[in-house]
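Subject: Structure handover

Hi,

Here is the structure I promised to pass on. Have a look at it first, then read my notes below.

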Amino acid sequence: MIPATFEEWKNCIVNDCKIKLTPSFVASRLKVYKAKNHPETKAFESLYGEQHLNNVIYFLERSAKEIAQGN
């Protein structure tokens with residue numbers, strides 16, 4: 001299942017994948033996914049589509065804001 005909402009995505013990342021949403025993780029993923037010509041970004045987009053890539057960028061940006069606010 002591809003997560004459609006921030007809450008679904010966060011649950012998938014944190015609970016299913018056991019990845020901590022740390023400032024460095026979020027920043028590194030944003031750097032890659034915002035670089036349209038990065039090989040990893042191209043592969044992600046070819047597998048999941050442009051809409052999901054844009055969703056994940058939004059989810060990561062939201063995570064960065066939550067981290068900055070201490071949530």
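In α2, the residues P23, V26, R29, L30 and Y33 meet L53, V56, I57, L60, E61, S63, A64 and I67 of α4. Contact here means heavy atoms within 4.5 Å. By class, the residues of this α2 and α4 contact come out as 10 nonpolar, 1 polar and 2 charged. The classes work like this: Ala, Val, Leu, Ile, Met, Phe, Trp, Tyr, Cys and Pro are nonpolar, Asp, Glu, Lys and Arg are charged, and the others, Gly among them, are polar.

Before going further, some ground rules. This is a predicted model, so local features need pLDDT of at least 70 and side-chain atom pairs count only at pLDDT 80 or more, while totals for chains, interfaces and linings use all residues. Residues are numbered from 1 along each chain as its sequence is written, and side-chain values use heavy atoms, with hydrogens and water left out. Helices (H or I, at least four residues) and strands (E, at least two) are DSSP runs, numbered from the N terminus.

**How the helices cross**

Two packed helices are described by the angle between their axes and the distance between the axes. The axes are lines fitted to C-alpha atoms, for helices over the stretch in contact, and the angles run from 0 to 180 degrees between N-to-C directions.

So how do α2 and α4 cross? Helix α2 covers residues 23-33 and helix α4 covers residues 50-68; their axes come within 10 Å and cross at roughly 150°. The two are therefore roughly antiparallel to each other. For the cut-offs, angles under 35 degrees count as roughly parallel, over 145 as roughly antiparallel, 65 to 115 as roughly perpendicular and the rest as oblique.

Next come α1 and α4, which pack at an angle of about 80° with their axes 10 Å apart. That makes α1 roughly perpendicular to α4. On the α1 side the contact uses F6, E7, W9 and K10, and on the α4 side V56, F59, L60, R62, S63 and E66. These residues divide into 5 nonpolar, 1 polar and 4 charged.

**Which sides are buried**

Buried means under 20% relative accessible area, exposed means over 50%, and partly exposed is in between (1.4 Å probe, protein chains only).

Which residues of α1 are buried? In this helix (residues 6-16), they are F6, W9 and I13. They cover an arc of only 70° around the axis, which puts them on the same side of α1. The arc is that of the directions from the helix axis to the C-beta atoms. The buried residues of α1 pack against α4.

In α2, the buried residues are V26, R29, L30, V32 and Y33. Their arc is only 165° around the axis, which puts them on the same side of α2. P23, S24 and K31 are exposed on the other side of α2. The buried residues of α2 pack against α3 and α4.

- R29 sits in helix α2 and is buried, with a relative accessible area of 16%. Not counting residues up to four places away in sequence, R29 touches E40 and L60.
- T41 is in helix α3 (residues 39-48) and is buried at a relative accessible area of 0%. Leaving out residues up to four places away in sequence, T41 touches V32, Y33, A35, K36 and L53.
- A27 belongs to helix α2 and is partly exposed, with a relative accessible area of 45%. A27 and S63 are 36 residues apart in sequence, and their C-alpha atoms are 9.9 Å apart in space.
- K18 lies in the loop between α1 and α2 and counts as exposed, at 65% relative accessibility. Phi of K18 is near 60°, a positive value in a residue other than glycine.

Happy clicking!
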